Amino acid sequence: MTPIAFETMALELDHFERIAVVRNAAWPDHPLAAAELLYDAGVLRQKKDLRCALAVDDGVDVAALWLVHDGRAEHWSVDVMVRPEARTSAVGSALIDEAERMLSDVEVRSLTVTFHDRLLPALNCLADRSFTQVVSEPISILDMRRYEPESFVADEHTELRVETLEALTSDPGWRRTLYEMRLEIDPDQSPDEPFIAQDFETFVARRLGNPLFRAENWLIALDGETWAGLTGIASTTATTGHAQVCFTGVRRPWRRRGLARALKVQVLRQLKERGFRAVVTENADSNPLVSLNARLGFVSGGCWLIWRRGDIHA
């Protein structure tokens, strides 16, 4: 058996075209273009140590590794992507071996591995290497061809109005307002994981400068002039008709009043009208939006698993 070879990937489009092929084969429900991946990598590289590699078996790119220093001393995370035909324990062990080799020049107090649950059989080596599962994040998929918006009447919020973010960008301070609202909402999205706040400049560059970001794709609920909640989609340039509801959140004073449901129903209605065929969303297992998605007709698309070795609080 020929040993699996690894190639270090540079921040170049031709390299990321190869990564995109592996990534989209590993998770075809929401494909991304190489330019989108490259942009995100470039922003990360400006602030953090980022290392990427491809696994090559008999001349074929079969898997990819994406290692990021998460901003805290000696804490690293790695995303693992493997083509379906290569999901074997031999490939899984080789990937973890390579991740550890790529970090051999730095001190690592904790290593977090994120992967789709389809890869769990291939990564059965994690438990033997002292990793433990810490988070399960369900993926939900909605077939828009079967979704009937008329079946879901949004709750009435007569005291609130909903605007697209695009309509609010005439205010020169809209970026700061959005950033401050996300700082308030984001820590509650995945309470089982430590929250690491981005600085304002990184938020603007990575989120608002991303090729997937379109202000017209975001809805903001306003109570007077106060931003109370939001939801947004990321349509992809890699394929037509697929979208991801990448965020739905409500500030604490307006929670438990049906506002998240109302926002999501409204954005799904718009996606249906625009001809999208499928919508994907992800939430931490403990997030109430998981049950809301099920009531709206989303079905399980598996889940993201997070395994960790070491103390992330050290």
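Colleague: How many bridges join strand 5 to strand 12, and in which sense do the two run?

Modeller: Strand 5 (residues 110-116) and strand 12 (residues 299-310) run antiparallel and are joined by 7 bridges. Strands pair if DSSP finds at least two bridges between them. Helices (H or I, at least four residues) and strands (E, at least two) are DSSP runs, numbered from the N terminus. Please note that this is a predicted model, in which local features need pLDDT of at least 70 and side-chain atom pairs count only at pLDDT 80 or more, while totals for chains, interfaces and linings use all residues. Residues are numbered from 1 along each chain as its sequence is written, and side-chain values use heavy atoms, with hydrogens and water left out.

Colleague: Which residue is the bridge partner of Ser110?

Modeller: Ser110 has Gly310 of strand 12 as its bridge partner.

Colleague: And how many bridges does strand 6 form with strand 12?

Modeller: Strand 6 (residues 132-143) pairs with strand 12 over 8 bridges, in the antiparallel sense. Within strand 12, Ile306 stands opposite Val135.

Colleague: Cys303 lies in strand 12 too. Is Cys303 buried or exposed?

Modeller: Cys303 counts as buried because its relative accessibility is 12%. Buried means under 20% relative accessible area, exposed over 50%, and partly exposed in between (1.4 Å probe, protein chains only).

Colleague: What does Cys303 touch?

Modeller: Leaving out residues up to four places away in sequence, Cys303 touches Phe115, His116, Asp117, Ser136, Glu137, Pro138 and Ile139. Contact means heavy atoms within 4.5 Å.

Colleague: Let us take the chain as a whole. How many helices and strands are there?

Modeller: The protein chain has 9 helices and 12 strands. Of its 314 residues, 51% are buried. Among contacts with a separation of 6 or more, 74% are between residues 24 or more positions apart.

Colleague: Now the second largest pocket. What volume does it have, and which residues are closest to its centre?

Modeller: The second largest pocket holds about 520 Å³ of space. Its lining has 21 residues, and Arg255, Arg256, Ala260, Pro288 and Leu289 are the closest to its centre. On a 1 Å grid over the protein atoms alone, a pocket is an open set of points with protein on both sides within 12 Å along at least five of seven lines, whereas a cavity is a set where a 1.4 Å probe fits but cannot get out; lining residues have an atom within 4 Å of a point. Grid points are joined across faces, edges and corners, and a volume is the space filled by probe spheres set on the points.

Colleague: Which elements supply the lining of that pocket?

Modeller: Strand 10 (242-250), helix 8 (259-273) and helix 9 (289-295) each give at least two residues to the lining of the second largest pocket.

Colleague: Where is Asp58, and what is its phi?

Modeller: Asp58 is in the loop between strand 2 (50-57) and strand 3 (60-69), with a positive phi near 55°. With a relative accessibility of 70%, Asp58 therefore counts as exposed.

Colleague: On to cavities. What volume does the largest cavity have, and which residues line it?

Modeller: The volume of the largest cavity is about 40 Å³. Its lining consists of Glu216, Asn217, Trp218, Leu219, Ile233, Val267, Gln270, Leu271 and Arg274. Strand 8 (218-223) and helix 8 are the elements that contribute two or more residues to this lining, and helix 8 has the largest share, with 3 residues.

Colleague: Last one: which polar contact does the side chain of Thr231 make with another side chain?

Modeller: The side chain of Thr231 makes a polar contact with that of Thr248 at 2.7 Å. A polar contact is a pair of N or O atoms within 3.5 Å; within protein, one must be able to donate a hydrogen and the other to accept it, and residues adjacent in sequence count only if both atoms are side-chain atoms. The Thr231 side chain also reaches the backbone oxygen of Phe247, at 3.1 Å. Thr231 is in strand 9 (residues 226-235), and it is buried, with a relative accessible area of 0%.
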